[in-house]
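Here are some notes to read with the sequence and the structure open side by side.

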Amino acid sequence: MINDRNALPGRRLLLAAGMSLLCPGTVTGADAATDVPGPAPEVERLVRGGPMALALTFDDGPSPIYTPRVLAVLRRYRITATFFMLGANAERYPWVVRQVVEEGHVLGNHTWSHPTLRLLTAATVRDEIQRTNDVLARTGGGRPPALFRAPGGRFVPAALRACAEFGLRPIRWSIDTADWTNPGVDRIADAVLSRAGTGSIVLHHDGSLSRSAVPEHEGRADRSQTIAALRSYVPQLLDRGYRFTTPARPTDPFV
Ligand SMILES: [Zn+2]
């Protein structure tokens with residue numbers, strides 16, 4: 001549904017914004033227009049890291065409870081991952097953002113508040129992405145991220161236009177572990193072990209949108225199964241010869 005948007009690298013911003021309001025979620029020639037030079041970027045579902053390279057990605061954080069536990073597993077096996085963070089959580093837990101960066105991992109933009117993008121105006125979609133870029137730059141080391149993932153992986157045209165404007169590469173995934181449904185540690189691990197291959201991008205969740213001012217009471221979403229599954233399958237993948245990489249390129253910020 002997103003493959004025809006590169007046809008018109010034109011400047012019909014007003015028309016495109018109007019169409020988005022009238023027809024949310026509908027990709028048309030007008031929706032494909034952009035206000036920035038060049039085509040909207042393609043959504044990437046695989047990572048290019050060479051043979052036996054795959055990428056772990058963690059969405060909806062940072063969480064003061066679960067992100068440090070994910071980091072401990074990654075540290076133990078000396079592997080790198082990518083964290084698609086919510087701006088609202090990053091603002092609330094900046095020390096977690098800093099720890100992620102200091103331990104050598106890559107930040108990605110996952111919007112400010114995890115909205116359903118197709119229900120928003122183009123201007124609001126852009127604002128969700130820009131504010132998140134700003135807070136990640138402020139808390140994560142001075143530069144905005146280079147990667148973006150839409151909530152639910154649903155990249156609406158307005159989001160892709162914002163990606164083009166802010167220099168963000170849209171990243172989806174190839175292995176959905178459904179870990180946010182807490183299906184059991186074995187099912188999460190099996191989802192990865194049974195489908196892993198060169199270029200795989202694995203989708204995990206290390207947080208959820210924070211709505212409480214008290215971190216200890218924030219645990220609306222329990223990510224313990226994700227962490228237990230990591231402990232189980234990461235050493236098995238290493239034994240098979242896999243390497244863990246990131247969709248970011250060496251020239252991207254935070255690498
Ligand atoms: Zn998400």
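1. A salt bridge, as the term is used here, is a side-chain nitrogen of Lys or Arg within 4 Å of a carboxyl oxygen of Asp or Glu. With that in hand, and keeping in mind that this is a predicted model, one can turn to Glu44 and Arg169, which form a salt bridge with their closest N and O atoms 2.9 Å apart. This pair links distant parts of the chain, since Glu44 is in the loop between helix 1 (13-22) and strand 1, while Arg169 is in strand 5 (residues 169-170), 125 residues apart. Both Glu44 and Arg169 are buried, and together with Arg48 they are linked in a network of salt bridges.

2. How many salt bridges does a search of the whole structure find? The search finds 6, and one of them joins Asp59 to Arg149, where the closest N and O atoms are 2.7 Å apart. Here too the pair links distant parts of the chain, with Asp59 in strand 1 and Arg149 in the loop between strand 4 (147-148) and helix 6 (157-166), 90 residues apart. Is Arg149 buried or exposed? Arg149 counts as buried because its relative accessible area is 0%, below the limit of 20% used for that word, and Asp59, at 2% relative accessibility, counts as buried as well.

3. Asp59 has its place in strand 1 (residues 53-61), and, leaving aside neighbours within four places in sequence, Asp59 is in contact with Phe84, His110, Arg149, Leu203, His204, His205, Asp206 and Gly207. One residue of that list, His110, is also a protein donor of the zinc ion.

4. Which residues are the protein donors of the zinc ion? They are Asp60 through OD, His110 through NE2 and His114 through NE2, lying 2.1 Å from the ion, and along the chain these donors follow the spacing D-x49-H-x3-H.

5. Leaving aside neighbours within four places in sequence, Asn133 is in contact with Asn109, Pro144, Pro145, Phe166 and Leu168. As for Gly167, its place is in the loop between helix 6 and strand 5, and Gly167 is exposed, with a relative accessible area of 51%.

6. In helix 4 (residues 94-102), the residues Pro94, Val96, Val97 and Val100 are buried. Seen down the axis of helix 4, its buried residues fall within an arc of 160°, and therefore they line one face of the helix. The buried residues of helix 4 pack against helix 2 (67-77), strand 2 (82-85), helix 3 (87-92), strand 3 (106-109) and helix 5. Just after helix 4, Gly104 takes a positive phi of about 90°.

7. The last point concerns the nonpolar cores. The largest nonpolar core has 34 residues, and those with the most contacts inside it are Leu56, Leu74, Phe83, Leu230, Tyr233 and Leu237. Two or more residues are given to this core by each of strand 1, helix 2, strand 2, helix 4, helix 5, helix 7 (185-195) and helix 8 (224-240), and helix 8 gives the most, with 6 residues. Leaving aside neighbours within four places in sequence, Leu237 is in contact with Leu54, Val192, Leu193, Ala196, Tyr242 and Phe244. Apart from this core lies another one, of 16 residues, among them Ala122, Phe148, Leu160 and Ala162.

Technical notes: Residues are numbered from 1 along each chain as its sequence is written. This is a predicted model: local features need pLDDT of at least 70, side-chain atom pairs count only at pLDDT 80 or more; totals for chains, interfaces and linings use all residues. Side-chain values use heavy atoms; hydrogens and water are left out. Donors are N, O and S atoms within 2.8 Å of the metal (3.2 Å for Na, K and Ca); water is not among the atoms, so sites may look incomplete. Helices (H or I, at least four residues) and strands (E, at least two) are DSSP runs, numbered from the N terminus. Contact means heavy atoms within 4.5 Å. Buried means under 20% relative accessible area, exposed over 50%, partly exposed in between (1.4 Å probe, protein chains only). The arc is that of the directions from the helix axis to the C-beta atoms. A nonpolar core is a set of buried Ala, Val, Leu, Ile, Met, Phe, Trp, Tyr and Cys residues joined through side-chain atoms within 4.5 Å.
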